[in-house]
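Please look over the sequence and the model shown here before reading the report. The notes that go with them are arranged by topic.

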Amino acid sequence: MTRVTPEDVRRKHFGRAPFGHHGYHPAQVDAFCARIADTMLGLDHLTAADIRQMHFDGAPRGNRGYDPEQVDDFLDHVCIELEFLRLGRSRVPAGRFEDTLTHDDVLRIRFSAPPNGLSGYRAEEVGAFLDRLAATLAHRTPNGLTADDVRHMAFHTATDGAPAYHRAEVDAFLDLVAQQLEKMH
């Protein structure tokens, strides 16, 4: 995976939705990409969670619109970039990590509580996962987590009043971790 710059986000062109399918509204996607680029430059404040929760209207009548699969894949990629920025990390253009996520980084990770009215992941389950991930990164043993383990990680929803983490933030972090573990093996 290569690094995405703010200029890449602004210039991104998406293919049209396949014939017979209704795609995303192009003007809305383009405007949202501009906001993402501004966020990468520190001029806006979108989070990976905001990007994951974005819903676009269908294209205007007579226009197939942007291919939803291409847009969604690109936004997933951008979420990973924003996670690197949030962690204060950068990557080199070749896709190799300048400084990979470390055991100590994992121990410092703090996720937000879910927004009012939304459920979140059980904090104790996410905490146990972070402990396991920290051990994997510290020891790099064959018994550690793999990229597939991370991709298939499932947390339960917290009950009302129980400690919980913002689901989209945790999901974006899992994407970041899966990418790194894939590169390590």
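## Basis of the model

This is a predicted model, in which local features need pLDDT of at least 70 and side-chain atom pairs count only at pLDDT 80 or more, whereas totals for chains, interfaces and linings use all residues. Residues are numbered from 1 along each chain as its sequence is written, and side-chain values use heavy atoms, with hydrogens and water left out.

## Helix α8

Helix α8 covers residues 167-184, 18 residues in total, and its first and last C-alpha atoms lie 26 Å apart, close to the 26 Å expected at 1.5 Å a residue. Helices here are DSSP runs (H or I, at least four residues) numbered from the N terminus, and the expected span is 1.5 Å times one less than the number of residues.

The buried residues of α8 are A168, E169, V170, A172, F173, L174, L176, V177, A178, Q179, Q180 and L181. Buried means under 20% relative accessible area, exposed means over 50%, and partly exposed lies in between, with a 1.4 Å probe and protein chains only. Q180, which is placed in helix α8, has a relative accessible area of 3% and is therefore buried. The C-alpha atoms of Q180 and T146 are separated by 9.8 Å, although the two residues are 34 residues apart along the chain.

## Nonpolar cores

A nonpolar core is a set of buried Ala, Val, Leu, Ile, Met, Phe, Trp, Tyr and Cys residues joined through side-chain atoms within 4.5 Å. The largest such core has 24 residues, and those with the most contacts inside it are F129, L130, L133 and F173. Helices α4, α6 (123-139), α7 (147-151) and α8 each supply at least two residues of this core, and its largest share, 7 residues, comes from α8.

Leaving aside residues up to four places away in sequence, L130 touches V106, I109, F111 and F173, where contact means heavy atoms within 4.5 Å. A second, separate core of 22 residues includes M40, F56, L75 and C79.

## Salt bridges

Side chains of opposite charge can pair when their charged atoms come close. With a salt bridge taken as a side-chain nitrogen of Lys or Arg within 4 Å of a carboxyl oxygen of Asp or Glu, a search of the whole structure finds 9 salt bridges. In one of them, R52 and D76 meet at 4.0 Å, N to O, and this pair links distant parts of the chain, with R52 in helix α3 (residues 48-53) and D76 in helix α4 (residues 68-86), 24 residues apart. Both side chains count as partly exposed, R52 at 27% relative accessibility and D76 at 35%.

In another salt bridge, the closest N and O atoms of E124 and R122 are 2.6 Å apart; E124 counts as partly exposed at 44% relative accessibility, and R122 is partly exposed at 31%. Salt bridges that share partners also join R52, D76 and D175 into one network.

Is T39 buried or exposed? At 11% relative accessibility T39 counts as buried, and its place is in helix α2 (residues 26-40). Beyond residues up to four places away in sequence, T39 touches D44, H45, L46 and L82.

D44 also forms a salt bridge with R35, the closest N and O atoms being 2.7 Å apart. Within this pair D44 counts as buried at 18% relative accessibility, whereas R35 counts as partly exposed at 37%.
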